[in-house]
Amino acid sequence: MLGDIARNHVIPTAIRYQNTLIENVRGLKEIFGKDFEKIGKEQIVLIKEISAHIEGINTNVEAMTEARKKANVLTDAQKMAEMYCDKVKPYFDVIREHCDKLELLVDDEIWTLTKYRELLFTR
């Protein structure tokens with residue numbers, strides 16, 4: 001489920017926001033010429049940061065999936081559980097960290113999932 005949510009909700013939303021930033025930078029370049037790098041510096045930093053988190057999610061989801069495949073071929077339930085605990089579960093925190101960072105970077109208006117701070121006020 002974690003991999004599915006990350007790849008089917010978090011990443012597409014982050015890419016959509018990143019594309020908005022890219023269009024903004026293009027507009028700044030069109031208007032300000034070479035001075036756009038100074039004016040659009042923060043947007044460019046955000047674009048790079050979003051890219052790094054997207055890459056972090058994809059890399060770790062792939063690695064987690066491979067670890068799951070190895071665990072799933074085991075026939076001994078105890079060994080399978082240990083493999084999941086030792087080899088699969090550690091990816092959860094890494095993937096979640098990247099998703100949490102994107103949650104903070106992406107505009108609230110396009111974020112498709114409930115944000116943590118919104119959960120505090122949900123009844």
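**A chat about a helical model**

User: Where does Val-106 lie?

Analyst: Val-106 sits in the loop between H5 and H6. Keep in mind that this is a predicted model.

User: Buried or exposed, that Val-106?

Analyst: Val-106 is buried, because its relative accessibility is 2% and the cut-off for buried is under 20%.

User: What is Val-106 in contact with, leaving aside neighbours within four places in sequence?

Analyst: Val-106 then has contacts with Thr-13, Ala-14, Tyr-17, Trp-111 and Lys-115.

User: And how far is Val-106 from Lys-48?

Analyst: Their C-alpha atoms are 13 Å apart, while along the chain 58 residues separate Val-106 from Lys-48.

User: What about Ile-110, where is that one?

Analyst: Ile-110 is in the loop between H5 and helix H6, which covers 116-119. Its relative accessible area is 25%, so Ile-110 counts as partly exposed.

User: How far is Ile-110 from Cys-85?

Analyst: Ile-110 and Cys-85 are 25 residues apart along the chain, and 34 Å lies between their C-alpha atoms.

User: Let's step back. How many helices and strands are there?

Analyst: The protein chain has 6 helices and 0 strands. In sequence order the pattern reads α-α-α-α-α-α.

User: What are the dimensions of the chain?

Analyst: The C-alpha trace spans about 65 × 40 × 20 Å along its principal axes. The radius of gyration is 19 Å, whereas a compact globule of 123 residues would have one near 14 Å.

User: What share of the residues is buried?

Analyst: 28% of the 123 residues count as buried. The accessible surface comes to about 8,700 Å², and carbon and sulfur atoms make up 55% of that surface.

User: What share of the contacts comes from residues 24 or more positions apart?

Analyst: Such pairs make up 65% of the contacts with a separation of 6 or more.

User: Now charges. How many positive and negative side chains?

Analyst: There are 19 positive and 21 negative side chains, and 2 Å separates the centres of the two sets.

User: And how many salt bridges?

Analyst: The count is 4 salt bridges. One of them pairs Arg-7 with Glu-62, with 3.3 Å between the closest N and O atoms.

User: What does Glu-66 pair with?

Analyst: Glu-66 forms a salt bridge with Lys-69, at 3.3 Å from N to O. The two are 3 residues apart in helix H3, which means about one helical turn between them. Glu-66 has a relative accessible area of 42% and is partly exposed, as is Lys-69 with 49%.

User: And Asp-100, what is its partner?

Analyst: Asp-100 meets Arg-96 in a salt bridge, also listed at 3.3 Å from N to O. Both are in helix H5 (residues 90-105), 4 residues apart, so about one helical turn separates them. Asp-100 is partly exposed with a relative accessible area of 23%, and Arg-96 is partly exposed at 43% relative accessibility.

User: What are its contacts, beyond neighbours within four places?

Analyst: Asn-60 is in contact with Tyr-91, Val-94, Ile-95 and His-98.

User: Last one, Lys-34. Where is Lys-34 found?

Analyst: Lys-34 is in the loop between H1 and helix H2, residues 36-39. Lys-34 is exposed, because its relative accessible area is 77% and exposed starts over 50%.

User: How far is Lys-34 from Met-80 in space?

Analyst: Lys-34 and Met-80 are 57 Å apart, C-alpha to C-alpha, and 46 residues apart in sequence.

Terms used:
Residues numbered from 1 in each chain as written. Predicted model: local features only at pLDDT ≥ 70, side-chain atom pairs only at ≥ 80, totals over all residues. Heavy atoms only, no water. Rg over C-alpha atoms; globule rule 2.2 N^0.38 Å. Buried < 20%, exposed > 50% of the residue type's maximum accessible area, 1.4 Å probe, protein only. Contact = heavy atoms within 4.5 Å. Areas by Shrake-Rupley, 256 points an atom, 1.4 Å probe, with all protein chains shown as cover. Lys, Arg positive; Asp, Glu negative; His and termini not counted. Charge placed at Lys NZ, Arg CZ, Asp CG, Glu CD. Salt bridge = Lys/Arg side-chain N within 4 Å of Asp/Glu carboxyl O.
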